[in-house]
Amino acid sequence: MSAKSDEMVDVGKVELLQAPDLPMTPDAIFRDITHYFGRLLGRRTVRTASPFLYQAVVYATRDRIMERWGKTRMAIERDHNRRVSYLSLEFLMGRLLRNALLNLDIEAETAEALQRIGIELEDVCDREHDAGLGNGGLGRLAACFLDSCATLSLPVVGYGIRYQYGMFRQRLENGHQVEEPDPWLREGFPWEVERFEFAQTIKFGGRTERRKDKDGRTRYEWVDTHDVLAIPFDVPVPGYANDVVNTLRLWSAAATDEFDLEEFNAGSYTDAVASKNLAENITMVLYPNTATEGGHELRLRQQYFLASASLQDALRFHTYHNGNDVRRFADKNCIQLNDTHPAIAVPELMRLLLDDFGLEWDEAWEITRNTMAYTNHTLLPEALEMWPVSMFRRLLPRLLDIIYEINARFIEEISQRWPGDNDRIHRMSLIREGAEPMIRMSYLAIVGSFSVNGVAELHSRLLRKGLFRDFAELWPEKFNNKTNGVTQRRWLAACNPGLADLITSKIGPEWITELTVLENLRQFADDKGFHGDWRAIKLANKERLAHDIEQQTGLHIPTDMLFDVQVKRIHEYKRQLLNLLHAVHLYDRIRRGDGDDLVPRAIIIGGKAAPGYMMAKNIIKAINNVARMINADPEMDGRLRLVFYPDYKVSAMELICPAADLSEQISTAGKEASGTGNMKFMMNGAVTIGTLDGANVEIREAVGEENFFLFGMTVEEIQALRGKYDPQAIIKADEDFARVMQLLESGHFNRFEPAIFDPLIQSIREPADLWMTAADFRSFVDAQGEAAGAYMDRERWTRMSILNTASSGRFSTDRTMRDYNEGIWKADPIKLDTQ
């Protein structure tokens, strides 16, 4: 054997030579697609119904991303950038291919490559499954944030869970929602890269043991635990035209010992894989039904699993690049908690600093409070999670010890500020006492963070003045606002290419990275030629949506109708029920011969109800029953349609929002934190009908009150009405409303399902109705009449549509992320090596 072959090379310390960057030409892309299709996937015949061509296109695209991904990581490591870890239980990414092609600026080249084999890029993109990693606005917002952070070159790592089934697939059976598993990973997920070398061990159960260290200091050890492995899968997040690629790291649960051969050989086949099944349950499904004790416990396991794995990974990265010294962790890291779900990260970081790194309490607490930042996304008290102390004691005993210590020190701080104010102490304590003591997780997040932000001006004000008033009085400097946004690259450039091309032809492409440039569209608001182009694009988008609806439901919708759209999570506060009451009112008017002056209207409602939320599921059933009656009535032909769009998801919204004429944002004032669907619709030229709730307030301010259909009570009016609300009197005094209720109560829409809608009817008539649906009925009907009148004036409506798009600039997540970075994170942009 030669001397050369005898040499031992430690490849772990050798940086492999970088291959030359791949060309971005159609020829090179075509060559790579055919390579992967034939040599990696072993296919010869192209069938668009199969996933293999899509996978080959992804691999060819991913190769080009990989080059940039590696350079981004090296730049962060070289410059020791302050690093942001964004913890979210949801990342509703949707489909990734088109967005990646757009951001790499190779959409046209890839389309040309595919045309050589007679395939349209659109067909390949449609073959991609939506990544089932989120439920609604929270997860979609997180995905938009990652896109903007990469585009702004901010060093942000997203941390989430790789749910095997994610959000359920919605099927309708006799109008009822039926949940089915969504096996989105069944055909593989070619975007991800498994990084098993960075797996982390997560502890559950066991007990806390106290001991003395060699210096005589008291230390605590979490022992006799049942451990689970967290294995990371990385998904690239490319920025737009800047060569930066950030990372979304998703954790998958696995057993430390997957298989017990002794049990198997003894015939106990179930017991042989018991630990494997128990571990994998953690990342099986997004949001298990918490109506059961088992589901409640699994939800807590998920939250701790995410927090512990992510913090261990952040500490691993920090100590690897900064020695084993964690004392500068807060200088180099910010942990952003996306809502209350990851609040358990506060005591977990304390545990890691105390038990694994041997810090004293005061030093560990100083690091923790200067690292954590908390975003609140809800004003609903029931959505501010609380966990039973007994469950913590069983699952996370060491963290419970730490939470009690945090609370004891916090109560001392309150007592020093407000001596003798026991009521305040009870209100602010992290532990709600009672027969079943509960841990208030939102309070824990506030106490353990240096920043607490709301997501719209109104929301942030209500947090400071209401929900978190005591904390805002103690720490006013912590509280701030960061109004949400959406990424224009997905929600205009990618999903509405016709409108994007028209805009670019008039004002240039700068809006793709600086959305405020859309203000330049105002000069065309009265340009009749531009109006015609604008309407032609809207009509084409409506035709696409109408075709999709007909394919899915069999219902034909004429495209000259006003497309009146409300698509979002089904919840009482979002008031799909109020929308339904209006649909019944229009139906009643037409049936009575009073509908000749009504604008032809298609009411499109979509969304999913949580599996255990029976009232929301009843609303879906009611919408479908009313729709069945309306759509079967010959008198409604060409005048009124009602459709429930099935299995609403990100890819559906990409089809719906470019086609919408009227955007329904009708939540009870003071209940919606922000909303982002309102921004997507506005960006695509829909006109909003809405209450003064969430970001609606700022949308109306941006576009002008003459281009927004306002209705409903304000937050202050609702508060004043509490205790005096009389829906019975409201219904009795309004002839239209009384007729609507008579139709519902007579069983007209449920003749063979008696009493099925009684809970809904009772909720409308209930004086304690939190959502005050009846109170806003008349105002809503009147505003809908104003919207219909405006729509019949074609030029006026087109002008309003143009001005909505032109005014949407402030609602880009690029602006939101700049606000986060300037006000909270303070991270330097990534500087790529240009050599």
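Me: Are H24 and H25 roughly parallel or roughly antiparallel to each other?
Reply: This is a predicted model, where local features need pLDDT of at least 70, side-chain atom pairs count only at pLDDT 80 or more, and totals for chains, interfaces and linings use all residues. Residues are numbered from 1 along each chain as its sequence is written, and side-chain values use heavy atoms, with hydrogens and water left out. The axes of H24 and helix H25 (residues 614–632) cross at roughly 15°, and angles under 35 degrees count as roughly parallel, over 145 as roughly antiparallel, 65 to 115 as roughly perpendicular and the rest as oblique. H24 and H25 are therefore roughly parallel.

Me: How many residues in the contact of H24 with H25 are nonpolar?
Reply: Contact means heavy atoms within 4.5 Å. Among the residues that meet are Leu 577 and Val 584 in H24, and Ile 619 and Met 629 in H25. Ala, Val, Leu, Ile, Met, Phe, Trp, Tyr, Cys and Pro count as nonpolar, Asp, Glu, Lys and Arg as charged, and the others, Gly among them, as polar. The contact has one polar residue, no charged ones, and nonpolar ones numbering 11.

Me: With which side chain does the side chain of Gln 552 make a polar contact?
Reply: Gln 552 is found in helix H23 (residues 528–553). Not counting residues up to four places away in sequence, Gln 552 touches Pro 646 and Tyr 645. A polar contact is a pair of N or O atoms within 3.5 Å; within protein, one must be able to donate a hydrogen and the other to accept it, and residues adjacent in sequence count only if both atoms are side-chain atoms. At 2.9 Å, the partner is the side chain of Tyr 645.

Methods:
Axes are lines fitted to C-alpha atoms, for helices over the stretch in contact, and angles run from 0 to 180 degrees between N-to-C directions. Helices (H or I, at least four residues) and strands (E, at least two) are DSSP runs, numbered from the N terminus.
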